[in-house]
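Hi,

Here's the structure I promised to pass on.

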Amino acid sequence: MNLIGHNQQREFLKEAFWNDRLGQAFIFSGEERLGKKKVAFEFVKMLFCENKEKAPCQKCQSCILVEKATHPDFIFVSPQKREIQIDQVRDLQKSLSLKPVLSEKKVVIINDAHYLNKLAQNCILKTLEEPNNQAIFILISSLSDSLLGTIKSRCETLKFYPLKEEEIKSLLNVSQDILQYSLGRPGVALDFLSNTESFSNFQKYLKITKDFLTGDLLYRLLFIKDFFPKAKEGDSKDTDKKKEECFLLLESMMFHLRRSFYLRVNDQAKESALLKTKKAIELTEQATNLLQSTNVNPRLLFENLILNF
């Protein structure tokens with residue numbers, strides 16, 4: 001899929017590249033599935049491209065190697081079982097201690113950087129503090145608030161936002177329903193387009209969460225009781241399946257809450273109503289973060305969430 005949108009962020013990176021004003025580290029921050037990783041890969045291609053006047057040309061050997069994440073001077077780090085561990089960062093440091101093979105510098109992308117555990121974050125911080133570090137870092141995160149303040153202070157943050165429906169429709173032949181449900185996130189639209197089962201599941205959970213969000217406190221507590229039956233002891237498959245269902249529930253909740261917020265902004269709703277919806281969105285994002293990065297009990301997580309709505 002071709003790149004969609006984020007022209008302002010891409011132009012900023014191009015100007016920094018052409019004017020030789022590149023910083024050492026960037027944070028690409030924004031909701032999941034916006035296309036942050038695609039923009040990051042395009043940026044890496046630009047840095048390594050052999051046709052500097054047309055960078056990134058997408059055709060040279062360097063561009064092709066970056067696309068496959070096999071370029072010898074490109075290091076791509078991603079979570080393993082929802083965590084980036086200290087050993088992964090130490091391996092990264094070993095790679096950075098070696099001289100670049102084809103380029104003047106190495107480039108590191110840490111995808112879903114919010115999954116860096118505390119030890120790994122401190123290790124990354126030490127690497128960023130190296131005065132002679134010959135590498136450019138790109139940390140991609142949908143939850144950048146979970147990163148250490150000292151890491152963020154050493155990075156230039158590029159904020160990414162949801163796209164307009166017209167931008168997505170310009171390159172993806174998707175239905176109006178998919179456009180509506182993707183909420184400006186091209187990655188979600190592409191997933192729904194290619195995976196009808198995923199789209200059907202999401203629509204099913206939309207109905208569930210609409211009733212959940214509009215119900216009173218007693219209805220919500222009873223729903224949680226039914227949603228979390230006692231799992232069989234030692235049944236890890238059952239636990240993993242329930243966790244995935246929790247993510248679907250939170251994702252569909254976010255859809256309703258964001259949609260409600262947008263409608264209230266357009267209708268110039270009372271500030272108190274906007275603040276209440278905004279708080280619910282923030283709490284749901286925090287719950288998603290906890291479910292992703294910790295071993296929190298999902299049932300307790302949801303009970304705490306609804307009590308604070």
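A quick word on terms before the notes: a pocket here is an open set of grid points with protein on both sides within 12 Å along at least five of seven lines. Bear in mind that this is a predicted model.

With that in hand, the largest pocket comes out at a volume of about 1,600 Å³. Its lining is made up of 50 residues, and Glu-31, Glu-32, Arg-33, Ser-142 and Arg-185 are the ones nearest the centre. Helices H2, H9, H10, H12 and H13 each give two or more residues to that lining, with H12 giving the most, at seven residues. Sorted by class, the lining has 18 nonpolar, 15 polar and 17 charged residues.

H9 and H10 have their axes 5 Å apart at an angle of about 110 degrees, which makes H9 roughly perpendicular to H10. The contact brings Asp-191, Phe-192 and Ser-194 of H9 up against Thr-196, Ser-198, Phe-199 and Phe-202 of H10.

Then there's the sheet: five strands, open, parallel, in the order E2-E3-E4-E1-E5. E2 and E5 are the edge strands with a single partner each, so one side of each has no neighbour in the sheet. From one strand to the next, the twist averages 15 degrees. E3 and E4 pair over five bridges, and Ile-109 sits opposite Ile-138 in E4.

As for what covers the sheet, H1 lies across E1 and E5, at about 150 degrees to E5. H2 packs on the sheet too, touching E1, E2, E3 and E4, with its direction at about 170 degrees to that of E4.

Cheers

Methods: Residues numbered from 1 in each chain as written. Predicted model: local features only at pLDDT ≥ 70, side-chain atom pairs only at ≥ 80, totals over all residues. Heavy atoms only, no water. 1 Å grid on protein atoms, 1.4 Å probe; cavity = no way out; pocket = protein on both sides within 12 Å on 5 of 7 lines; lining within 4 Å. Points joined across faces, edges and corners; volume = space filled by probe spheres on them. Helix = DSSP H or I, 4+ residues; strand = E, 2+ residues; numbered from the N terminus. Nonpolar A, V, L, I, M, F, W, Y, C, P; charged D, E, K, R; others polar. Axes fitted to C-alpha atoms, helices over the stretch in contact; angles between N-to-C directions. Parallel < 35°, antiparallel > 145°, perpendicular 65-115°, else oblique. Contact = heavy atoms within 4.5 Å. Pairing = 2+ DSSP bridges.
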